[in-house]
Amino acid sequence: MTTAITDSLSPRKKAAQVIISLGADIASTIYKHLQEEEIEKLTYEISRQESVPPDFSDQAIDEFYGLCVAQKVYLEGGITYARNVLEKAFGVQQGTALLERVTKTLRTKAFEFIRKADYKNLMNMIVNEHPQTIALVLSYARADQASSIISELPKNIRVDVVERIARMDRTSPEVIRQVEAILERKFESVVSVDLLEVGGINYIAEIINNIDRGTEKFIFDELSRKDPKLSEEIRKRMFVFEDITILDPLAIQRFLREVDTKEMAVALKGANKDVATVIFENMSQRMGDTVREEIDFLHNVRVRDVEDAQQQIVAIIRRLEDEGEIVISKGGKDDIIV
């Protein structure tokens with residue numbers, strides 16, 4: 001199954017194509033299982049669909065079918081069985097991609113009530129728990145919740161929690177139920193789950209990507225001292241400001257349209273030469289001149305302000321990737337879509 005064509009469609013457009021292809025009767029049945037917000041977004045996308053080449057529609061359905069198969073074999077046989085089946089059916093690369101997407105989706109279904117909580121309330125509830133319990137809860141939380149909480153955890157347990165999330169693989173239903181029993185007093189909803197992948201290096205990398213640069217530096221300084229190999233593994237999966245140099249020029253030009261020139265000037269004030277060169281090469285002449293003038297006027301800029309500006313730009317890049325506007329190529333094989 002190829003994805004060269006459907007990679008140019010956003011996830012919402014793909015979902016709309018699947019719904020349209022299924023027909024009104026089946027689509028109405030599916031709608032009954034969606035939340036109001038999902039119905040609104042999907043209906044809006046369907047209403048915007050115009051003529052779509054048959055190849056787009058066919059490949060969107062193929063991708064949807066692959067995800068359905070991946071979820072079924074994963075739930076029935078576990079991750080090892082699913083990987084073997086999917087690799088034989090779709091090939092190693094596509095099978096691995098399908099499995100990663102399915103396990104991430106299933107993980108988000110557990111502790112759904114936690115992800116609706118304000119991070120400060122969640123923080124107050126778990127801050128005095130054992131680091132392993134904190135790590136488990138944060139593995140089910142939204143990345144922005146987890147990053148905010150880790151930033152405010154006492155320094156003596158902060159790195160411990162990060163390590164435990166990174167090393168987490170799968171958690172049994174019994175452990176989940178024990179943790180839920182602790183939280184039951186403060187949350188109304190309690191959910192049960194099958195054996196699911198939680199935490200892991202990819203997830204902690206996503207969390208640290210959302211943490212302020214100061215906390216990120218502290219974590220990596222401590223982690224590099226305690227476990228250099230784990231620290232390096234996490235870094236490999238992260239996208240940081242310096243990684244702008246690996247982006248395709250079209251991706252750089254795309255995110256530059258979202259960045260304020262003053263914010264870019266502050267970010268570049270503390271950037272290394274390679275990053276600055278790549279960014280200026282992909283700016284228009286007018287924007288480049290404006291940013292250079294802004295930089296010339298900047299004096300006595302705090303390191304924290306530079307870090308915040310860089311983090312804001314990274315957040316824009318990651319948002320555009322989530323929306324399907326660009327692709328962050330981590331292995332050098334992905335095409336960039338704008």
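Colleague: Which helix does Glu87 lie in?
Modeller: Glu87 is part of helix α4, which covers residues 54–90. Keep in mind that this is a predicted model.

Colleague: Okay, and what does Glu87 touch, leaving aside its neighbours within four places in sequence?
Modeller: With those set aside, Glu87 is in contact with Val92, Gly95 and Thr96. Also, Glu87 and Ala97 are ten residues apart along the chain, and their C-alpha atoms are separated by 9.8 Å.

Colleague: Is Glu87 buried, exposed or partly exposed?
Modeller: Glu87 has a relative accessible area of 27%, so it counts as partly exposed.

Colleague: Let's zoom out. How many helices and strands are there in the protein?
Modeller: There are 19 helices and two strands. The protein has 338 residues, and 43% of them are buried.

Colleague: What about contacts between residues at least 6 apart in sequence, how many of those join residues at least 24 apart?
Modeller: That comes to 76% of them.

Colleague: Now the inside. Which residues have the most contacts in the largest nonpolar core?
Modeller: Those are Leu138, Ile150, Ile165, Ile204, Ile208 and Ile234, in a core of 37 residues. The helices α7, α8, α9, α10, α12, α13 and α14 each give at least two residues to this core.

Colleague: Take Leu138. What does it touch, not counting residues up to four places away in sequence?
Modeller: Leu138 touches Ile126, Ala146, Ile149, Ile150, Val161, Ile165, Tyr203 and Ile207. Another core, of 34 residues, lies apart from the largest one, and Val266, Ala267, Ile316 and Ile326 are among its members.

Colleague: Back to α10. Which of its residues are buried?
Modeller: Ile157, Arg158, Val159, Val161, Val162, Glu163, Ile165 and Ala166 are the buried residues of α10. They pack against α8, α9, α12, α13 and α14.

Colleague: How far apart are the end C-alpha atoms of α10, and what span should its 13 residues give?
Modeller: At 1.5 Å a residue, the 13 residues of α10 should span 18 Å. The end C-alpha atoms are 19 Å apart, which agrees.

Colleague: Switching to charges. How many salt bridges does the structure hold?
Modeller: It holds 13 salt bridges. One of them joins Glu325 and Arg254, with the closest N and O atoms 3.2 Å apart. Glu325 lies in the segment after α19 and Arg254 lies in helix α15, so this pair ties together parts that are 71 residues apart in sequence.

Colleague: Are those two residues buried, exposed or partly exposed?
Modeller: Arg254 has 10% relative accessibility, so it counts as buried. Glu325 is partly exposed, with a relative accessible area of 28%.

Colleague: Which residues are linked with them in a network of salt bridges?
Modeller: The network links Arg254, Glu258, Arg319, Glu323 and Glu325.

Colleague: What does Asp144 form a salt bridge with?
Modeller: Its partner is Arg142, and their closest N and O atoms are 2.9 Å apart. Asp144 is partly exposed at 37% relative accessible area, and Arg142 counts as partly exposed at 32%.

Colleague: And which residue does Arg302 meet in a salt bridge?
Modeller: Arg302 meets Asp305, at 2.9 Å from N to O. Arg302 counts as exposed, with 54% relative accessibility, while Asp305 is partly exposed, with a relative accessible area of 29%.

Colleague: What about rings, how many aromatic pairs are there?
Modeller: Zero aromatic pairs. Some rings do have a charge over them, though: Lys155 lies over the face of Phe218, 5.0 Å from the ring centre. The charged end of Arg292 sits over the ring of Phe280, at 4.0 Å from its centre.

Colleague: Last one. What is the phi of Asn300?
Modeller: Asn300 has a positive phi of about 55°, although it is not a glycine.

Colleague: Where is Asn300 found, and is it buried or exposed?
Modeller: Asn300 is in the loop between α18 and α19. Its relative accessibility is 80%, so Asn300 counts as exposed.

Methods:
Residues are numbered from 1 along each chain as its sequence is written. This is a predicted model: local features need pLDDT of at least 70, side-chain atom pairs count only at pLDDT 80 or more; totals for chains, interfaces and linings use all residues. Side-chain values use heavy atoms; hydrogens and water are left out. Helices (H or I, at least four residues) and strands (E, at least two) are DSSP runs, numbered from the N terminus. The expected span of a helix is 1.5 Å times one less than its number of residues. Buried means under 20% relative accessible area, exposed over 50%, partly exposed in between (1.4 Å probe, protein chains only). Contact means heavy atoms within 4.5 Å. A salt bridge is a side-chain nitrogen of Lys or Arg within 4 Å of a carboxyl oxygen of Asp or Glu. Rings of Phe, Tyr and Trp (its six-membered ring) pair if their centres lie within 6.5 Å; planes under 30 degrees apart count as stacked, over 60 as edge-to-face and the rest as tilted. A charge sits over a ring if NZ of Lys or CZ of Arg is within 6 Å of the ring centre and within 35 degrees of the ring normal. A nonpolar core is a set of buried Ala, Val, Leu, Ile, Met, Phe, Trp, Tyr and Cys residues joined through side-chain atoms within 4.5 Å.
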